[in-house]
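Keep the view open as you read.

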Amino acid sequence: MAEAITSEEGKPIADAMGEVKRAMNIIEYAAGEGRRLFGYTTPSELPNTVAYTVKRPLGVVALITPWNFPLAIPAWKLAPCLIAGNTVVYKPASATPLSAVKLVEIFEEAGLPPGVLNFITGPGGSVGNTLVEDPRVGGISFTGSTEIGTAITARASELLKKVQCEMGGKNAAIILNDADLDMAVPGVVQGAFGSTGQRCTATSRAIVEDGIYDEFMSELLAQTAALSIGDGMDETKDVAPLSSKNQLDTVLEYIGIGTEEGAKLAFGGHHLQDGEFAEGYYVEPTIFTDVRTHMRIAREEIFGPVLSVFRASNLQEAVEISNDVDFGLSSSVYTRDLVQAHEYINTAHTGMVHVNAPTLGGEVHLPFGGLGASGTGQREQGTEGFDFFTETISVYIDHSAGAKERSKFI
Ligand code: NAP
């Protein structure tokens with residue numbers, strides 16, 4: 001499975017192995033939750049009445065997924081959706097059909113009855129749109145760009161369908177003066193350049209407090225320079241090519257925009273094309289400094305190995321910079337000070353916050369998702385992940401002997 005992911009998406013094989021593990025974890029977790037789709041009972045205000053709730057599936061649910069996690073994201077939608085009793089029409093990204101086919105084959109091999117999991121490939125503009133429009137589809141779970149997710153949310157809402165969209169990010173890591181740089185620098189390097197920056201939770205901004213700025217930058221540049229770039233199938237490589245020509249063009253365009261906007265190119269920025277790099281969409285890990293919050297590279301999702309670095313004079317200013325974007329997926333702070341850590345946790349405008357850890361990922365038993373332009377609708381994963389795929393029905397059972405008996409009590 002990992003080889004399938006790396007061969008079509010390009011990420012380093014170790015990241016692909018991690019993705020396979022994550023998919024296994026979510027399927028295992030969702031299987032257990034099948035025994036815990038609890039409702040609740042409650043006293044009724046009426047006599048001889050039992051009141052309780054049950055969860056019911058939505059019916060047919062459309063799942064539309066992106067190319068950057070071609071196994072884990074489909075798995076984290078499919079598993080809870082099926083366990084909750086729905087049938088599925090699943091459309092993967094056109095760029096990564098192989099991982100999707102392999103995942104569906106596994107469900108088939110596991111004995112899922114025909115018709116429960118339906119798989120369709122094709123362009124989002126036609127196939128995806130048809131799924132959103134079809135009256136037989138009761139719910140849509142989408143992960144992808146904010147642009148497409150916004151359009152799907154608008155249309156599904158008009159049609160009064162249940163919809164959840166997990167979308168883009170512009171995640172920031174804050175490094176305060178008291179940070180442990182042995183944690184912070186590798187955390188930022190991994191966050192920014194791991195999986196070639198093509199993660200929704202990738203670190204695309206580092207906000208560094210004045211007192212530690214120079215030391216942080218010199219370590220950051222040294223560790224970035226030590227990254228080895230090459231074919232994702234080669235286990236010794238840290239940074240692999242971008243996934244497509246489209247991605248390459250977009251990332252190079254943003255590097256040009258950053259330079260034109262007046263940010264300082266402190267590292268990288270080149271399209272690598274010679275020798276072993278001739279056969280792929282390789283861009284050097286790239287670091288901009290002197291970045292200002294109004295710049296496009298500071299506000300827009302680049303989705304590649306490009307990090308923008310800001311200076312801040314204290315935590316408050318750092319959080320203001322971190323929150324000054326439309327996105328709100330993930331963020332992190334590096335500090336040894338519990339007071340500052342909690343202040344950050346209470347004020348960061350993101351759906352996931354990390355302390356002394358990269359902005360990346362999450363565990364399957366906790367909700368995953370973003371605020372603002374990063375997400376709409378109910379959260380994925382965790383116990384909340386099942387709320388989207390079910391309706392809660394309230395039940396009232398009158399077990400009095402009859403109207404006469406009943407009147408004695410009223
Ligand atoms: P995308 O272009 O929005 O595509 C996502 C999916 O939507 C694909 O299957 C695509 O099909 C389909 N699609 C395209 N147009 C559609 C339409 N009009 N109606 C219905 N479906 C349509 O996103 P992407 O480039 O694949 O993925 C990268 C984005 O995903 C980034 O913004 C990243 O941040 C985000 N992402 C978010 C999360 C999260 O959990 N928040 C996780 C991973 C990625 P085609 O492939 O056929 O175009």
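Start on the surface, where D182, D214, E215 and E219 gather in a patch of negative charge. A patch here takes residues with over 30% relative accessible area and no salt bridge, with like charges joined within 9 Å. Asp and Glu count as negative, and the charge is placed at CG of Asp or CD of Glu. Areas come from the Shrake-Rupley method with a 1.4 Å probe.

Helix α8 (residues 213-225) gives the most to this patch, with three residues; helices are DSSP runs of H or I with at least four residues, and strands are E runs with at least two. E215 has its place in α8 and is exposed, at a relative accessible area of 52%. The word exposed stands for over 50%, buried for under 20%, and partly exposed for what lies in between.

A note on what you are viewing: this is a predicted model, in which local features need pLDDT of at least 70 and side-chain atom pairs count only at pLDDT 80 or more, while totals for chains, interfaces and linings use all residues. Residues are numbered from 1 along each chain as its sequence is written, and side-chain values use heavy atoms, leaving out hydrogens and water.

Now move inside. The largest nonpolar core has 39 residues, and L63, L78, V88, Y90, L117 and F389 have the most contacts inside it. Such a core is a set of buried Ala, Val, Leu, Ile, Met, Phe, Trp, Tyr and Cys residues joined through side-chain atoms within 4.5 Å. Elements that give two or more residues to this core include α2 (13-33), β3 (60-64) and α3 (72-83). Its largest share, eight residues, comes from α3.

Next come the charged pairs. Side chains of opposite charge can pair when their charged atoms come close. The whole structure holds 12 salt bridges, each a side-chain nitrogen of Lys or Arg within 4 Å of a carboxyl oxygen of Asp or Glu. K11 pairs with E19, their closest N and O atoms being 2.7 Å apart, and both residues are buried. E33 meets R36 at 2.8 Å, N to O; E33 is buried at 6% relative accessibility, whereas R36 is partly exposed at 41%.

In the salt bridge of K245 with D249, the closest N and O atoms are 3.0 Å apart. These two are separated by about one helical turn, because they sit four residues apart in helix α9 (residues 245-261). Elsewhere, salt bridges with shared partners join E133, R155 and E158 into one network.

Key
Patches are made of residues with over 30% relative accessible area and no salt bridge: like charges are joined within 9 Å, nonpolar side chains (Val, Leu, Ile, Met, Phe, Trp, Tyr) within 5 Å. Buried means under 20% relative accessible area, exposed over 50%, partly exposed in between (1.4 Å probe, protein chains only).
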